[in-house]
Amino acid sequence: MPCSHSLFLTIFIFFLFSPGISPLYCTSMPADSSNASNSFVCDIADTCSSADDLLNKESIGGVFNAMPLKPVKDAAITGVNDAWALIKSPLQWDSTSFFIYPSIVLATYFLMIIDEPVTNAITGDGRYQDSRWIKAAEFYGRNSTSEIAAAGFTLTGIVLNDEDIARIGLEIYESYFFANNIHSVVKRMFGRSRPYEDKGTTNFNPFPDRKNPLNSFPSGHATLSFSLSTVLAGHVDNTWLKVLCYTPAVLTCFSRVYQEMHWGSDVFLGAAIGYLVGNFVVNRHRNAEQDFFSLGFDEQGRVSVVVPLR
């Protein structure tokens with residue numbers, strides 16, 4: 001499934017979320033410092049308030065610390081920091097990660113071997129192809145569902161002035177954006193035929209023509225449904241509520257196989273991508289880490305970029 005979200009939704013949802021997540025490690029310079037560009041400097045020993053506290057709201061730079069531009073600035077910084085953390089995350093794998101990721105690859109390969117009998121067993125006579133449950137499950141895995149959910153939580157958080165609710169919207173969109181692009185790249189790399197094409201489970205055409213991208217591996221619906229469910233489940237503590245959050249994602253995976261749009265291995269890998277990305281985003285925001293960079297403005301409106309030294 002190609003990335004089809006509009007430019008408007010991308011700008012609106014991504015830039016109007018919650019304030020930044022991680023604290024900024026800095027300390028202010030003396031007020032009489034002759035070098036305006038050194039209005040604040042990083043100090044790995046001390047922790048102080050965000051660079052936003054150094055701004056005078058009446059100054060040119062202070063405009064970016066007031067509504068509605070502050071959420072734009074903070075959400076943009078948060079998104080860039082999270083994207084960078086995701087890119088460099090393989091360099092920080094521990095022993096558990098080196099076990100989990102190869103296991104996912106091996107499980108996917110094993111499922112490919114039994115894809116055909118599994119698909120035949122699930123599809124059966126296809127009598128429920130047009131049932132409302134199958135249609136609802138398919139809808140849950142669409143791009144628009146994650147976009148609507150992200151916008152809904154964001155707007156609700158803004159209206160209620162609740163940062164936690166708005167943050168869920170940010171996490172839904174970040175997880176959706178990261179997972180959707182990862183799955184799209186992998187999908188085009190393999191170019192696997194779909195079950196309904198009757199070309200078998202081993203028919204691959206890497207980097208097929210974009211005009212007819214019948215790419216089955218991995219499943220985009222499975223990816224997006226699990227990225228959404230993982231973020232929602234990450235904000236509830238009750239076990240049954242977590243099960244409830246994942247139920248529509250599981251049904252989405254089942255519906256894709258039942259409708260002969262994907263093989264079992266397609267939905268398994270897609271679900272794994274969605275879960276891992278969603279879990280990464282939620283855990284990163286829950287366990288606030290030092291950001292890759294932060295942005296501030298001095299009283300003359302000049303930009304200052306703060307990069308932590310550790």
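# Reading contacts, helices and burial

Visitor: Which residues does Ala85 touch, not counting residues up to four places away in sequence?

Guide: Ala85 touches Phe280 and Arg284 once residues up to four places away are left out. Note that this is a predicted model. The C-alpha atoms of Ala85 and Phe280 are separated by 9.5 Å, although the two residues are 195 residues apart along the chain.

Visitor: Where is Ala85 found, and is Ala85 buried or exposed?

Guide: Ala85 is found in helix H2, residues 69–88. Buried means under 20% relative accessible area. Ala85 has a relative accessible area of 9%, so Ala85 is buried.

Visitor: What share of the contacts with a separation of 6 or more comes from residues 24 or more positions apart?

Guide: The share is 71% for the chain. The pair Ala85 and Phe280, 195 residues apart, is in contact.

Visitor: How many helices and strands are there, and in what order do they run?

Guide: The chain has 10 helices and four strands. Read from the N terminus, the order is α-β-β-α-α-α-α-α-α-α-α-α-β-β.

Visitor: What span should helix H6 have, and how far apart are its end C-alpha atoms?

Guide: The expected span is 1.5 Å times one less than the number of residues. H6 has 18 residues, 143–160, and should therefore span 26 Å; its end C-alpha atoms are 26 Å apart, which agrees. Several H6 residues are buried, including Asn143, Glu147, Ala150, Thr154 and Gly157. Just after H6, Asn161 has a positive phi of about 55°.

Visitor: At what angle do the axes of H5 and H9 cross?

Guide: The axes of H5 (residues 132–140) and H9 (residues 239–258) cross at roughly 110° and come within 8 Å. Angles of 65 to 115 degrees count as roughly perpendicular. H5 and H9 are therefore roughly perpendicular to each other.

Visitor: Which residues of H5 and H9 meet?

Guide: From H5, Ile134, Ala137, Glu138 and Tyr140 take part. They meet H9 residues, among them Cys245, Ala249, Thr252, Arg256 and Tyr258.

Visitor: How many aromatic pairs are there, and which residues form an aromatic cluster?

Guide: Rings pair if their centres lie within 6.5 Å. The count is nine aromatic pairs. Tyr173, Tyr176, Phe177 and Phe178 form one aromatic cluster.

How values were computed: Residues numbered from 1 in each chain as written. Predicted model: local features only at pLDDT ≥ 70, side-chain atom pairs only at ≥ 80, totals over all residues. Heavy atoms only, no water. Helix = DSSP H or I, 4+ residues; strand = E, 2+ residues; numbered from the N terminus. Contact = heavy atoms within 4.5 Å. Phe/Tyr/Trp six-rings, centres within 6.5 Å; stacked < 30°, edge-to-face > 60°. Buried < 20%, exposed > 50% of the residue type's maximum accessible area, 1.4 Å probe, protein only. Axes fitted to C-alpha atoms, helices over the stretch in contact; angles between N-to-C directions. Parallel < 35°, antiparallel > 145°, perpendicular 65-115°, else oblique.
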